[in-house]
Structures are given as structure tokens and as C-alpha cells.
Number of protein chains: 2
Amino acid sequence: MAGRLKFFGWGREGEGMTAEEERSALARYARLFPSAELTELPAPKPEDIVLPESRLRIPQALAPICTTDHYERLVHTYGKSLPDTIRGLARDFRNAPDAVAFPRDEAEVAAVLDWAGEASAAVSPFGAGSSVVGGVEPVRGPRHKAAISLDLRHLDKVLEVDQSSRAARIQGGVFGPHLEAQLKPHGLTLRHFPQSFEYSTLGGWIATRSGGHFATLYTHIDDFVENLTVVTPAGRLETRRLPGDGAGPAPERMFIGSEGTLGVITQAWMRLQDRPRFRAGGAVRFTDLYAAARAVRALTQSGIFPSNCRVLDPGEALSNGAGDGSFAVLVLAFESGDHPVDAWMARARECVADHGGTFEGEAGAEGHRAGAAEQWRTAFIRMPYGRERMLPRGIIFDTLETAITWDKFEAFHAKVAAATAEAIKRATGRPGLVTCRFTHAYPDGPAPYFSFHALGRHGQLMEQWQAIKDAASDALIAAGGTITHHHAVGRDHRRWYDRQRPDLFAAAMQAAKQTLDPKGVLNPGVLFDA
Amino acid sequence: MAGRLKFFGWGREGEGMTAEEERSALARYARLFPSAELTELPAPKPEDIVLPESRLRIPQALAPICTTDHYERLVHTYGKSLPDTIRGLARDFRNAPDAVAFPRDEAEVAAVLDWAGEASAAVSPFGAGSSVVGGVEPVRGPRHKAAISLDLRHLDKVLEVDQSSRAARIQGGVFGPHLEAQLKPHGLTLRHFPQSFEYSTLGGWIATRSGGHFATLYTHIDDFVENLTVVTPAGRLETRRLPGDGAGPAPERMFIGSEGTLGVITQAWMRLQDRPRFRAGGAVRFTDLYAAARAVRALTQSGIFPSNCRVLDPGEALSNGAGDGSFAVLVLAFESGDHPVDAWMARARECVADHGGTFEGEAGAEGHRAGAAEQWRTAFIRMPYGRERMLPRGIIFDTLETAITWDKFEAFHAKVAAATAEAIKRATGRPGLVTCRFTHAYPDGPAPYFSFHALGRHGQLMEQWQAIKDAASDALIAAGGTITHHHAVGRDHRRWYDRQRPDLFAAAMQAAKQTLDPKGVLNPGVLFDA
């Protein structure tokens, strides 16, 4: 488990798809793309790759925490997006950082930022490198001579636990599992489990407005942030730790979602939960996505706040082994560390029945771990390992996540799905598959998550992917959605973010950035022009 | 009901304390300040007051929407704070606006801002004028030649209702009752009922992060804002209407709490609620505040989200007619437009019993309207009418609201209460009364609300009040609280806000303001230096 992070693919060295998972995925693609020949290109090895020489000389004072090691530069070149994987497969690591810094405390973070300012180097905070939107790539802007990747893995401690307020002061570089392991002896949990849980950090979650475990109510990490400490090029900033506040615009909110462009999140007091003791749930079948959506609308507007409330359309259910393609599935669960959830579940049953849903088997305390619900959960966690095995065979599999109000949902879904399907056919010359699920849901609308599968051609994968991505993104922005509900903007979503973000807000934030990062070292191209 | 707004005192002309309410208040003060002579000064009349001549000539194009009328200038000089009332009583209206503008649409708001920029005039958005923190007074900064009060009362429509998403597009100048009246035919409600509900506006609530009806979960208006339209001196800005979003820092959050310093909130899509059909609740007695606080902590951490969960300490219960001074009271209620709340109430009973609370009489569906609960509710709504009748008798009655995490609460409460009580004795030469209630509560801490009563001396009221306010505010900032949980910063809280706000955040926001309001016309002195 303590293997090195892979420089190509998901997770750590030695991990990956099982032979059975791979066989099953290939069988699905064989049905989807009959008579296709899947030519598999070999995965890159570190020694295959020639890196440009580092443009930086590490100052003596920073030598203990900085490296130009070949493997570290490779690991810190990319996140885990499809274009990252395409470039990795092509052995294209020309954007490798000139150095990787591993500060051990806030003073060392500040020292790295100072050095970057002096050396005209760009700094990209790395988190755990699982960005799927081009958020961690050490891109240099026109005024940067070099690029540094900033890895906070040594800031991995829970520093303080306040049991009575159910909160903890936690360093920004801690990975999900290590965070939960440190909270467990206190009987507490953050319960923030994005799909990237094992390979993402608290600071990364906050910087990207990560979406987590709870499908309703506490959807994003945002609401769990009690205070923040941020090291900016202009100095260190700490907000007051408060349960609620009304004094001016919330200072935390400027940094939540700032994606490494305004400062480095070094620690945060986080609101925690008791570990759940009571559960109920199950999987519910509906004739189609829209019927399930009507049930979800009723559930979100009822005020009962299910912890899980995820819809899979028929195709998505099939892909995840949670259905045969003839029905949609709602994975529903309640949990509490405080009280039995029977009354909540009883009301949910009524909402579901009102909209024509039928439970698979017996819903109950273990319903969240049975049948389609468990199938979905396993598939969800294992899914990211697929990309590094399927892309080398020319399979383009990617996702788009968004949010839209209920009044627009059906038309929105139809337009985005159609635009994506058409673009697949246009770009690759043959039909693909577009499916949809809901990751989160609100009283005023769902967060639809589209998956698409296309068979590309080696040598053209990037252009094909980009054509599909552009068409889908154009459609969802035109139809009123957001370019990202929880994956973040990064560099890949920037063009549509600019269409969505009010110009005057962009100008105001740019002025704020100029104050906090006067030399513009932080993550050029993300949110702001380089 | 359509009387003019009072220029001195709460509400509209013809409204005020009943004779019975006045007698009862005076009886309480007679017990608190035995043998005191209460000399009553006469309330000011409009014709008593000589205003400085207006420094502005209204441009012809704006003549239909601007006035220099004597009464309008008086009404728009002050909010409803204690220092406002002291100055009103002293016939001191030297800060009267040079003109009052009543734009009828966004173009006219922009035209007023343009005029202000050209005329070097400051602009203070007025809302409905019920600020208790000096937020609406038309203060001129050193670079301003004149001051304009901006009154949005004509922007009072619900423009669009989206029943399926339970949301409505609403203009910023609408008063609370007129807003609810427009929503009622749709079966919907915002359910945002601050104490100032009748005399405050949607735009004012958003600009000040108003705290409302719900004691837990949806405490501030913040979470109900789906999008915002803001007219700034640099132009108009509209955020995308979304149920949830993860694209960069939330643009709405820059303007929520901006207190009229960045722009004028002209409309917002707001998330609404179904009208409640199911209720349960009651009043619970505890031996003291800290015992009640332990029950509230359990309730907030249980995930059952009572709509009312307000604690009155023994003195506060006595002041509000909800107790005899020997016990604390928890006013507890659940409500739902969707389902019976019995299971929720059952769990609340257990939390309450675990911490030694006993229900007054029969708790139940009408419990929220019985006994101490109803007493408190009536007193709460009628309270603001007291100031204009008691201050002319030398009674200094004011409130301080804050929030603090549970780990610090008891020490915090003791320090703030002691500092306030000592300051009363020092400033006025005799003891007063300091009481505390909780207005809102969170899993990680309560929002304590302190009331203080002192007997001042005419001619010294301002100095006496300021000495008490300073001591209390110093104590609460030193002990880790916020200078305001929901009353806003205004000018009265600015000194402590500066201690609480991180300097770098202040600098970043100042840069943002410079972009949106390059001539600095908007509300000088509020949040930023004039």
C-alpha cells in the first residue's frame, strides 16, 4: 500500500484493474463496438521518457525539500484526465516541472513561493495529483521561466480535535484514508468520500469545491470548512474559526474553489460527523431516468435529506452492473450516528412509490450494501483504474458533470446527451454510448453526470476527445448548466468557465489575485490568464 | 398600514407600543432601577429639525425619481440603532442625505450611480432603513461632496416563479410582508423572518447576511440565494442560476454580506419552501443557560434540524414574559410542508430529557403557539417598538449578537456578560441587566445574543452607550467570537471587524471594490475606509 504513486494511471504502483475487471470491460466494449479491432499500445515506462533539463537551480536552503529527480518530475507532470493519459501514452512529458518541492511546514511553503517569485517560476499545487481537469499540470505562463510542482504530502496531520464542537484542525496535504484513520480513534469522521478519496487531499478538496459522500444537503466540502489558513505569495492569512458568521463577505469563500491560484491551503478547521450507527436504504427501479428524476425531486424537496440519492439511467446501470439496461436505478440510503432512520426511510418509500419506483428485494438496514446498490458502489470505486487499460486500446471514456434547475432538466438532458452522441459519431465515425447519472441533488435541481464511450483512433485521440468535449460543453453551457459541479475548472474547462463567470466578477477576482499573488506565480492559466 | 415610515422610531406612523406594553416595560425598569427618576424627553417632530441645505442639484433626467423633500431626507438619515435614536432624539440630522433617489428599474439604479460618480457623491443603499449597525446612514467620505440615499422600494415585485424548482426571481427592494403575499398564491414561502421582517428588504437581507426564521441548518439568507443580479458603478453583473456549482469561488458569496459597498442587489433567484403543514414543539425548562446549551448542542449534532431552537436564559425569559427568572427556557419547534414531524420531535424529547429539560405543559402540534413559546414570539416581534419610548427616558437597551464554537462557549459567555455588566456600572454608576439568548445554533456552536439594559443620563447617553458597546465588543473579539452573527458590520462594528478580518483578505476585497466601484461612491466607511 505504500508503493509510489504511478506516473501513468490511477493510484499506486502495483494497483490496477483485475484480470476479471478487464475482461468484463472488454466484453462490454466488444458489444458496444462490434467488429472493432482494439490495438493495444504499450504503457510508458519511466526510462522511455526523456525530460527537458531542469531550468532551475535549487537554492541551498531549499535543497532538503526540493528535487529534480526523474520519477518525481514524471509523477508531477500530469493529473488523471483523459488528455493527460493520452499525452502520457504518447510519452509527451514536455511540461514536466523543473523541480518538485515537498515543504514540511508553512514556513517552507512560503519559502518555495518566495523562491518562485525570485526565479520567475510558476507554482502549481499538486494535491495528490488526481485532477481530471488539467488543474495540477505545471504550466508556465508567458512571464515564467520555469515551473515548480508543490506537493504538500508532508502536511498530513490532524493537529487538534475539538470533540465538543465536533471539529478538527487538519493540515492541507493529508490524503483521505490517512485523514479518516486519524479521526477514527475520536469516533469522528469527515465523511467526505469523493471517487478520488484515496488519491486526493483535504487542501485539494477545498481548492476545487470537491463533491463528496452526501448526495443531498452537504454536497460539497464548502459547508464543512470552519476556517482556513492560506499561505499566499503576499503572506499568511488565517480566518477566524466560527460556527456561523455574518461579518462581511465570508473570507473562506474566496479561497474555496480558488484552485491554487490565490494561495496554498495549509490547514483548516473542519466540521465533522459522528460515525454512522443507523442505516437504511436500498435500490429502486424506475422505467426511465425522467421518472427517477421526479422521485428525486420529491425526495430533495421533502426535507428528509437522504445521504445517498444517486440515479443511474438504464445505460449507466448496465455499465456498472446494476441493471440490464431496461430500467433506471435509484440508489437510496439514510444514515445517522444519532437515531434510527426508519421514519425518514418510510417517507422516502412514499415519495418513491408516488413516482412509480419499486424496491429491489428487501430495503432495510443493510439495503445500502445489497444488490444494485453494492454493485454500483464497487464499480464507482474501481472505475478510475479503467482508463489506463482502455485508452491504450483506443477507447475514449470520459465524464462531464454539471448541475441544472428542475424546470430545465429534461430539455437540458436531452440536448447535452444528443450533442455528445452526435459529436462522437462525427469525431470517430461510429456511434458511441452516452449515459447519465445523478451524483448529487438539490431541492432546486439535480447534478447530472454524463459518461461517454467512443472508439477512437491512435494518433487522433486528442482531437477526437476534444471535439466531443467541446460539443458537450457548448451544449451544456448553452442550455443553462454549469461547466463543473465538482470536478473543478482547471485548464480544460476554462473556455466555458469564462462564458459562465460574470465578466465583472472575473475582473474583481483578478484584482484580488493581483493583491495576493503580485508576481502571478500561482497556477497560471487556471481561473485567470497566465 | 400604508402610513409613511417613521423618521424617528420603528415602523410606520401611527404604530408603536400599546399603553399596556409601555406600562409593563416601565414596571420592569422600575424594579431594575429602583428609586430612579425617569425624565422623559419629547420625541422630535419633523418641523423641529433644521436640515443643512442640499448640496446637490438633481439633473433633469433624474428629477422624476429623486427628491430633496424634507421628510424624505429625515427618514433616510438614520437606521434604527441606539446611537441613531440618541441622535434623532437630539434633533441631530446633520448627516441627512442631500437627495433621496427612488429608481424604478435597473437602468435608473445605474443612472443614479453614474450621477453620483460625476457629482462626487456617496451613495448608501437604504433597504427599508432598519439597520441597527449604522449601515444605511449616508456618510460622506473625505472625497465626497454630497450624499445620496438610494431607496429601492419600487423594485418590489416577484417577477417569475419556478414551481418545479421551488424558486422565484424577486426584486431587491421588496419588503418582507409584500414578498410573502406575492408568493402565497403559489403555495410557496421564503420563510425568512428576521425580527425586522416588516421593515427590511430582500436586497437588504442578502447584503447583510440576515439571519432568519430557521434556528438551525438554514440560518442565514446565504443558502437561499440561487443567483444574484447586482448593479455596480462599473456595470451590471448577473450570476448563473444553478442549484449547486463547483466552478471557481462562488460569485454570489462576494456580494452576500457586501453591505452596499460593491454594488446594488437589484434581483435574485431565491430558493423557497413549501408552506408548513405539520408542526410540533413546545417550551422546555432548564435550571440554567448552560444546561440548556448542552441540550442544544445535542439537538444540533443529532441531524434533526429543529426550525426553532432558541434558548432564553432566566433573565431573558423574565424580560420576555416567558419565565419568572428562575429557569432558562428552550423554545423548540419542528415544521414541515411534507411529512408529520413526530419522529423528529420524539428524538428531540430524548435529547432534552438527557440534559435535564422538562416540557411546560403538553408539547405537541400547537406547542409552538402555547405558553412561553408564544410569549416569546410576541415579545420578539413587538420588541423594536420599545426603543423610541424608553430611550427618551434615559433607558439604554441594546443587543450584541455573535457566534462561538461549543468548546469555548461557557468561558466566552461568562467573559462577555461580565465585561458588559462591569462597563454598565462604570459608565452609568449603577448596575444594569445583561441577559443572553441563542438566536441560532450549529453543530459546532451557538449564536449567543446578549441584551443589556442600563439607566443612562440625558446628555451623556452616547458616551455611556459607546463605553458599554466598546467593552462588550472588545471582550467578545478577545474571547474568539465574531463581531456580528447576523446584524452586519455597518459603521458601528467596523473597528472590531478590522480585528477579525484577515488583513490580506481585506486588501484583496479592497482591490475587488476598486474594480467594481472605481470612484468609491458606494457606502463609504462600511467594510472599507471611505
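1. Let's start with a helix in chain B. The buried residues of α3(B) are B:L82, B:P83, B:D84, B:T85, B:I86, B:R87 and B:G88. That is seven of the eight residues in this helix, which runs over residues 82-89, so it counts as mostly covered. Among the elements doing the covering are α12 (387-390), β16 (395-401) and α14 of chain B. Just past the end of α3(B) sits B:R91, with a positive phi of about 60°. Keep in mind throughout that this is a predicted model.

2. Now for the overall build of chain A. You'll find 16 helices and 18 strands in chain A. Its C-alpha trace spans about 65 × 60 × 45 Å along the principal axes.

3. Burial and contacts in chain A come next. Of the 530 residues in chain A, 62% are buried. Looking at contacts between residues at least 6 apart in sequence, 74% join residues at least 24 apart.

4. Then there's the nonpolar core. In soluble globular proteins, nonpolar side chains tend to be buried together. Here the largest nonpolar core has 309 residues, and A:V329 and B:V329 are the ones with the most contacts inside it. If you want to see what surrounds A:V329, leave out residues up to four places away in sequence: it touches A:A283, A:V284, A:R285, A:L312, A:A317, A:A322, A:G323 and A:A372.

5. Chain A also comes with a domain assignment: domain 1 (19-150), domain 2 (158-274) and domain 3 (394-492). The C-alpha centres of domain 2 and domain 3 of chain A are 29 Å apart. Their contact takes nine residues from domain 2 of chain A and eight residues from domain 3 of chain A. On the domain 2 side of that contact, one residue is nonpolar, six are polar and two are charged.

6. How are the two copies related? A rotation of 180° with 0.0 Å of shift along its axis puts chain B on chain A, with an RMSD of 0.0 Å. The two copies are therefore related as by a two-fold rotation axis. Both copies use the same surface, as 100% of the contact residues of chain B recur in chain A.

7. Most residues other than glycine have a negative phi, and most peptide bonds are trans. A:R166 has a positive phi, near 50°, and is not a glycine. You'll find A:R166 in the loop between β5 (158-162) and β6 (167-171) of chain A. A:R166 is buried, because 26 other C-beta atoms lie within 10 Å and the cut-off is 20 or more.

8. B:A488 is another such residue: its phi is positive, about 90°, although it is not a glycine. B:A488 belongs to the loop between α14 (461-478) and α15 of chain B. Is B:A488 buried or exposed? It has 28 C-beta neighbours inside 10 Å, so B:A488 counts as buried.

9. Last, a loop residue in chain A. A:A43 lies between α1 (19-32) and β1 (66-67) of chain A, in the loop. With 17 other C-beta atoms within 10 Å, A:A43 is partly exposed. Leaving aside neighbours within four places in sequence, A:A43 is in contact with A:F8, A:E388 and A:P392.

Methods
Residues numbered from 1 in each chain as written. Chains lettered and ligands numbered in written order. Predicted model: local features only at pLDDT ≥ 70, side-chain atom pairs only at ≥ 80, totals over all residues. Least-squares fit on C-alpha atoms with pLDDT ≥ 70 in both. Contact = placed C-beta atoms within 7 Å. Core = buried A, V, L, I, M, F, W, Y, C linked by C-beta atoms within 7 Å. Buried ≥ 20, exposed ≤ 12 C-beta atoms within 10 Å, placed from the backbone. Helix = DSSP H or I, 4+ residues; strand = E, 2+ residues; numbered from the N terminus. Domains from an automatic or database assignment. Nonpolar A, V, L, I, M, F, W, Y, C, P; charged D, E, K, R; others polar.
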